[in-house]
Structure formats: C-alpha cells, structure tokens
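The following note sets out, point by point, what can be read from the coordinates under review. Each paragraph may be checked against the structure shown here.

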Amino acid sequence: LPAISYVKWIGLAFEDVVHGEWEHLTSKNFIKEYFRPEYTFHPPFARILTGITWAIFHDSLGEIKALRLAPAILFSLSVLALYLLVSEYYGLVPGLLASLGLLLCPAPFGHAHLIALDSPIASMWLITAFCFVKGLYSRRWAILFAVSVGLSMNTKIHGFAIPFPLFLWGFCFFGKKTSANLWSFLILTPLTVFLTYPKYWYSPESLIYFLDYMTSKQGYEQVSTHFLGKVHP
C-alpha cells in the first residue's frame, strides 16, 4: 500500500538524520523506490497520515482499522472546526446543531471510515476555511491557513480550488483584513506543497504534469458499481 511505503520511507529517513546521514532523505533513487509512479497518481498527504496511524496502531487495532483511523481523525477535526466556528459567531446551540448535522450525515460519516481520499479532501476544505476565517484577525492563523492550503493541494486535485472562493468571499466582505491570508498564501503555500511531497524535490516539473493530466481528463479509471445485486461496469 502507498501509505505503508510512505511511512517506511519517513522512518528510514528519520533514522538516517538521527545518525547524521542524509541518504534516504535526499537520494532520488530512495525516494523513487518508496514513492513509486503507481502510488503517486494522487498526492501523498492523506496517505502519509494513514501510514502514520498504521505504524502506531496496526499491532493493537489490526491492519484495516489502523489504516482507516487517519481519515476518521481528520473528519473529527473538521466537525470540531465547524462547531467552534459556528458557535463563535452564532452561539452554542447553532454550533452544536451544525456539527451534529455534519457528524450524522450518512455520506460524510461513512466515507470517514474508508481508506479513500474523498473524506480527507472534504475535511481539509473545512479545516482550511476555518483557518481562513481565523486568519482575518490573526497572523498566526493566516500562516496556518497557508500551510493548510498546501496540505490540501497535496491531498487531492480539488485542493487547488480551495483558495478561489475563500479569497473572493474575503475581499468582498472583509477587504484589507484578507491581506495577511493572501501574503501567507503566496509565500508559504508553494513552500508547503514542495516540502511535503518528496517527488517534487527531484522533479518539480511533476506538479505541472499532474495539473495538466488532472484538468485535461486524459484518462479515466474504470470502477464497477454494485447495485441491487448486479455489477455495472
């Protein structure tokens, strides 16, 4: 699995650094070995999180539960972010209703317990929006917003769409208060995207190829659907 491969590379790179060596961290060959082309159809952030929970909990929880724990935790954080944001502006009861509504919605709740990217990218959208609103009044949160956007972009292609509605809304309703978010985004988001995807370290042009491939719909993955006892290709 990509998640396990990624976290094994992180472990080896960390051990190297502790002993004053840098081969696993900087070697193009080692990075290509653990970030194989068949693993990098999507960016790695969500799968790195999945690999981390696998590494910590697979002995105690088992393989599947440990792999599914990361998206569940990320979904929990998004529910918490929604509660904090709504309750701050509209009160305790609206905050509880909003967060419970998201928590009890079947599709988000169900996807949060699968080893897939749909739930992580949705959670990152909400977490990033939370950071954006906080960043209107705090430079620290503006920095966290920029980092969150970068991590979203390294979760799935949809992450690249996050800044547009947020900045449109921000400039229309908050004007100059959006400037901290904007400057943090322009400076720190590209840095975050680069640093959190080892493939870009030796092949930065891969980002251009990735965007071109995803936006031009050059290929489709055939996924069968099971419905009412029949399999539809």
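1. Leu96 is found in helix α6, which spans residues 92-103. This is a predicted model, and the values below are to be read accordingly. Leu96 is partly exposed, its relative accessible area being 38%. Between Leu96 and Leu84 there are 9.0 Å from C-alpha to C-alpha, for a separation of 12 residues in sequence.

2. Ser78 belongs to helix α5. Is Ser78 buried or exposed? With a relative accessible area of 2%, Ser78 is buried, since the limit for that class is under 20%. Beyond its neighbours within four places in sequence, Ser78 is in contact with Leu102, Ser123, Leu126 and Ile127.

3. The largest pocket holds about 280 Å³ of space. Two or more lining residues are contributed by each of α1 (2-18), α4 (45-61) and α5 (63-90). Helix α4 gives the largest share of this lining, namely three residues. The lining consists of 16 residues, and those nearest the centre of the pocket are His42, Arg47, Ile115, Ala116 and Leu117. Sorted by class, 10 of the lining residues are nonpolar, three are polar and three are charged.

4. Ala46 is placed in helix α4. Its relative accessible area of 6% makes Ala46 a buried residue. Apart from residues up to four places away in sequence, Ala46 touches Leu117, Pro120, Asn154 and Thr155. Leu117 is also one of the residues nearest the centre of the largest pocket.

5. The aromatic pairs number 15. In one of them, Phe41 and Tyr213, the ring centres are 5.8 Å apart and the planes stand at 85°, so the pair is edge-to-face. Phe41 is in the loop between α3 (28-34) and α4, whereas Tyr213 is in helix α13 (residues 206-216); the pair therefore ties together parts that are 172 residues apart in sequence. Both partners are partly exposed: Phe41 has a relative accessible area of 37%, and Tyr213 has 31% relative accessibility.

6. A tilted aromatic pair is formed by Phe132 and Trp169, at 6.1 Å centre to centre and with 50° between the planes. Because Phe132 lies in helix α8 (residues 118-135) and Trp169 in helix α10 (residues 163-174), this pair ties together parts that are 37 residues apart in sequence. How do the two partners stand in terms of burial, and which relative accessible area does Phe132 have? Phe132 is buried at 0%, while Trp169 is partly exposed at 34%.

7. The largest nonpolar core comprises 34 residues. Trp9, Phe35, Phe132, Phe145, Met153, Phe185 and Phe210 have the most contacts inside this core. Helix α8 supplies the largest share of the core, six residues. A second, separate core has six residues, among them Phe75, Val79, Val86 and Ala112.

8. Phe210, named above for its contacts inside the largest nonpolar core, deserves a separate remark. With neighbours within four places in sequence left aside, Phe210 is in contact with Phe41, Pro43, Ile157, Phe160 and Tyr200. Phe41 is thus a contact of Phe210 and also the ring partner of Tyr213.

9. Ser206 is located in helix α13. Ser206 counts as buried, at 10% relative accessibility. Not counting residues up to four places away in sequence, Ser206 touches Lys199 and Tyr200. Tyr200 is likewise listed among the contacts of Phe210.

10. Glu21 sits in the loop between α1 and α2 (23-26). A relative accessible area of 44% makes Glu21 partly exposed. Glu21 and Ser119 are 98 residues apart along the chain, and their C-alpha atoms are separated by 37 Å.

Notes
Residues numbered from 1 in each chain as written. Predicted model: local features only at pLDDT ≥ 70, side-chain atom pairs only at ≥ 80, totals over all residues. Heavy atoms only, no water. 1 Å grid on protein atoms, 1.4 Å probe; cavity = no way out; pocket = protein on both sides within 12 Å on 5 of 7 lines; lining within 4 Å. Points joined across faces, edges and corners; volume = space filled by probe spheres on them. Helix = DSSP H or I, 4+ residues; strand = E, 2+ residues; numbered from the N terminus. Nonpolar A, V, L, I, M, F, W, Y, C, P; charged D, E, K, R; others polar. Buried < 20%, exposed > 50% of the residue type's maximum accessible area, 1.4 Å probe, protein only. Contact = heavy atoms within 4.5 Å. Phe/Tyr/Trp six-rings, centres within 6.5 Å; stacked < 30°, edge-to-face > 60°. Core = buried A, V, L, I, M, F, W, Y, C linked by side-chain atoms within 4.5 Å.
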